[in-house]
Amino acid sequence: MLHLRRFEYDWQQDMNVKIMSKLEIFEELEMKKYLTKQTHSANPEDSVYQLFGVLIHQGRASGSGHYITYIR
């Protein structure tokens, strides 16, 4: 599971606000550059992950809204 926290603190509003920029999601994710040397494998395919599902938050605030999911 990979969680992208798409909220940031807005000092003018004194609250967390949702980052509304476009996010493009691919079916494969190469994670080698994010892994430590201890977790690297001799097999390069071990750092490639397949997308299985997406959980989406609908709403503008971090404390409210609805979640929907798409699973393959």
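The side chain of Lys18 reaches the backbone oxygen of His57 at 2.6 Å. This is a predicted model. Lys18 is buried yet has no salt bridge. One salt bridge is found in a search of the whole structure, and it joins Glu27 to Arg72. A nonpolar surface patch includes Leu2 and Leu29.

**Lys18 and His57**

- Lys18 sits in strand E2, which covers residues 15-18.
- His57 belongs to strand E5, residues 53-58.
- Which side chain of opposite charge is nearest to Lys18? That side chain is Glu8, and it is 13 Å away.
- A salt bridge needs the nitrogen and the carboxyl oxygen within 4 Å.
- His57 has a relative accessible area of 12%, so it counts as buried.
- Leaving out residues up to four places away in sequence, Lys18 touches Arg6, Phe7, His57, Gln58, Gly59 and Arg60.
- With that exclusion, His57 touches Phe7, Lys18, Ser64, Gly65, His66 and Tyr67.

- Val17 touches Arg6, Phe7, Glu8, Asp10 and Arg60, not counting residues up to four places away in sequence.
- Leu51 is 34 residues from Val17 along the chain, and their C-alpha atoms are separated by 27 Å.

**The salt bridge**

- How many salt bridges does a search of the whole structure find? The search finds one.
- Glu27 and Arg72 form a salt bridge, with their closest N and O atoms 3.5 Å apart.
- The pair links distant parts of the chain, 45 residues apart.
- Glu27 is in the loop between E2 and strand E3 (28-30).
- Arg72 is in the segment after strand E6 (66-71).
- Glu27 counts as exposed because its relative accessibility is 52%.
- Arg72 is exposed too, because its relative accessible area is 55%; exposed means over 50%.

**The nonpolar surface patch**

- Leu2, Leu4, Leu23, Ile25, Leu29 and Tyr49 make up a nonpolar patch on the surface.
- Together they have about 580 Å² of accessible area.
- Where is Leu2 found? Leu2 is in the segment before strand E1 (7-10).
- Is Leu2 buried or exposed? Its relative accessible area is 57%, so Leu2 is exposed.
- The C-alpha atoms of Leu2 and Ile71 are separated by 14 Å, although the two residues are 69 apart along the chain.
- Leu29 lies in strand E3.
- At 36% relative accessibility, Leu29 counts as partly exposed.
- Leu29 touches Leu2, Ser47, Val48 and Tyr49, not counting residues up to four places away in sequence.
- Of these contacts of Leu29, Leu2 and Tyr49 are also members of the patch.
- Leu29 and Trp11 are 18 residues apart in sequence and 34 Å apart in space, C-alpha to C-alpha.

**A positive phi at Asp14**

- What is phi of Asp14 near? The angle is near 55°, a positive value in a residue other than glycine.
- Most residues other than glycine have a negative phi.
- Asp14 lies in the loop between E1 and E2.
- Asp14 is exposed because its relative accessible area is 56%.

How values were computed
Residues numbered from 1 in each chain as written. Predicted model: local features only at pLDDT ≥ 70, side-chain atom pairs only at ≥ 80, totals over all residues. Heavy atoms only, no water. Patch = residues over 30% accessible without salt bridge, like charges linked within 9 Å, V, L, I, M, F, W, Y side chains within 5 Å. Areas by Shrake-Rupley, 256 points an atom, 1.4 Å probe, with all protein chains shown as cover. Helix = DSSP H or I, 4+ residues; strand = E, 2+ residues; numbered from the N terminus. Buried < 20%, exposed > 50% of the residue type's maximum accessible area, 1.4 Å probe, protein only. Lys, Arg positive; Asp, Glu negative; His and termini not counted. Polar contact = N/O pair within 3.5 Å; in protein donor to acceptor, adjacent residues only side chain to side chain. Contact = heavy atoms within 4.5 Å.
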